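Subject: Structure handover

Hello,

Here is the structure for you to look through. Please open it beside this email and follow along.

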Amino acid sequence: MAARELERIVPKQSTRLTLVNDVNFMLYTPFLPEAAAGTLEPRHVVTPLREILDRTYLRLGAIDGHDPGARTVHLRSRDGETENLPYDQLLLALGSVSRVLPIPGLAKHAIGFKTLADAIWLRNHLIETLEAANATDDAARRNELLTYVFVGGGYAGLEALAELQDFAADAIESYPRARLHGMRWMLVEAADGVLPEIDAELADYALRELRGRGIDIRLGTTLEEVTADSARLSTGETLPTRTVVWTAGVAPNPSLRELNVPLDERGRVPVDDHLRVKGMDSVWAIGDCAAAPDPRGGLYPPTAQHAVREGPAVARNIAAELGIGTPEPFEYKGNAAFVNLGRYKAVGRVGGRTFRGFPAWWMARTYHMSQIPGAARKARAVIDWTASLPFRRDLSEVGSIGHPKPLGETMEPWDSSISSSPSPSASPRR
């Protein structure tokens, strides 16, 4: 968003804009749950950067070094090549990663829900568990396969749980033996409530809605240990499961520690009210990696709606440093918040009014539609949503896409090119 604004306000030929990113697209994170549930095509929740940027020089790679004195950053490309890039103004927008706590087995056996890869892997894994559960005669193994545990009762946790449970409830109709056994869905939250960011009345409605679908919600409970086939809770109960989804908060991108910028106790970059890094010239930070002060007190939360507004604001302040326009402090008060609960239901707040059920779901779709960059992406999302109304969602497990075997590797007897038998359902844990 910052690069788009700079392209708009900075005269052509007067500056060279360079954007370094690990992928060539921008992810619209509120749509991750729908991509995981198959409501939206994965390619339709991302926007190619080259479609929305006209004259910004895109470099695929990562910044792993920074010399403020020389005003250079060290770029490592995806193929391992390195280069020092000079800058006049440097903007850090590295985002965040899933916050991992020192829980035994968590990092090895749980899956996060932060990237498009996480969402697609989780969808494929869910289909694989249904396939395996329908094929096995072992009741204990079937119980492990059909138990799904989500940890974290914030926006990401509830939306991911609601959408995937909705998808699984439809999909299991195609798996008669798994349907006879039944699924178990559980949400584990350390606090005494969910969705602390919205009104308590709406949070209670969300709890009633999810519990009404048979989802087991454990409040005031923590995850103590994860293994390949179980999860132990603070209550002492050990759940047989092969699916633990960790959505209990985010942490600033750890690559910030490789840059010569100040960090606060949580690893974020402290900035002033103009989004300039404190104590530094010509270095700025926005989004989840920045500790931006809220004039009403505290810091702005690490949410998408704040980040997308910080982008244009910092671009205007950077342009002011170059003599174009006047710098202005960043200030934003969120007037809307929505949480999608699947099944055409949601909870939301607009200004001082609250909404629930289908009206909130419709308003959430309308709001997100207005935020998707690019007319083509808006149209594709609408087509996907419309097509999902009369038709069932696809059950193809496409985890092998993008991971072809080398030509010289011996083909297994279950390869689709020589046999119609499906591949084994086991998949690597992350």
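**Salt bridges**

The side chains of Glu237 and Arg218 form a salt bridge, at 2.9 Å from N to O. Glu237 sits in the loop between strand S14 (230–233) and strand S15 (238–240), and Arg218 sits in strand S12 (residues 216–219), so the pair ties together parts that are 19 residues apart in sequence. Bear in mind that this is a predicted model.

How exposed is each partner? Glu237 is partly exposed, with a relative accessible area of 27%. Arg218 has a relative accessible area of 19%. The cut-off for buried is under 20%, so Arg218 counts as buried. The pair also belongs to a network of salt bridges that links Arg184, Asp216, Arg218 and Glu237.

How many salt bridges are there by this rule? The count comes to 22.

Start with Glu5 and Arg316. Their side chains meet in a salt bridge, at 3.3 Å from N to O. Glu5 lies in helix H1 (residues 2–9) and Arg316 in helix H10 (residues 304–321), so this pair ties together parts that are 311 residues apart in sequence. Glu5 is buried, at 10% relative accessible area. Arg316 is partly exposed, at 37% relative accessibility.

Next, look at Arg59 and Glu83. Their side chains form a salt bridge of 2.8 Å, N to O. The pair links distant parts of the chain: Arg59 is in strand S4 (residues 57–67) and Glu83 is in strand S6 (residues 82–86), 24 residues apart. Arg59 is buried, with a relative accessible area of 19%. Glu83 counts as partly exposed, at 34% relative accessibility.

Now go to strand S16, residues 243–246. Which way do its side chains point? Thr243 and Val245 point one way from the strand. Val244 and Trp246 point the other way. All of these residues are buried.

Strand S16 pairs with strand S9 (residues 111–112). These two run parallel and are joined by 2 bridges. Within this pairing, Gly112 has Trp246 of S16 as its bridge partner. Strand S10 (residues 147–151) also pairs with S16 in the parallel sense, over 4 bridges. Here Val149 stands opposite Val244 in S16.

**Helix H7**

Is helix H7 enclosed or open? Of its 17 residues, 13 are buried, so H7 is largely enclosed by the rest of the structure.

H7 covers residues 155–171. At 1.5 Å a residue, its 17 residues should span 24 Å. The C-alpha atoms at its ends are 24 Å apart, which agrees.

**Asp288**

Where is Asp288? Asp288 is in the loop between strand S19 (283–285) and strand S20 (290–291). Asp288 counts as buried, because its relative accessibility is 17%. Its side chain makes a polar contact with the side chain of Ser96, at 2.7 Å.

What else does Asp288 touch? Leaving aside neighbours within four places in sequence, Asp288 is in contact with Gly95, Ser96, Lys114, Pro252, Arg268, Pro302 and Thr303. Zoom in there and pick them out one by one.

Best wishes

How values were computed: Residues numbered from 1 in each chain as written. Predicted model: local features only at pLDDT ≥ 70, side-chain atom pairs only at ≥ 80, totals over all residues. Heavy atoms only, no water. Expected span 1.5 Å × (residues − 1). Buried < 20%, exposed > 50% of the residue type's maximum accessible area, 1.4 Å probe, protein only. Pairing = 2+ DSSP bridges. Polar contact = N/O pair within 3.5 Å; in protein donor to acceptor, adjacent residues only side chain to side chain. Contact = heavy atoms within 4.5 Å. Salt bridge = Lys/Arg side-chain N within 4 Å of Asp/Glu carboxyl O.
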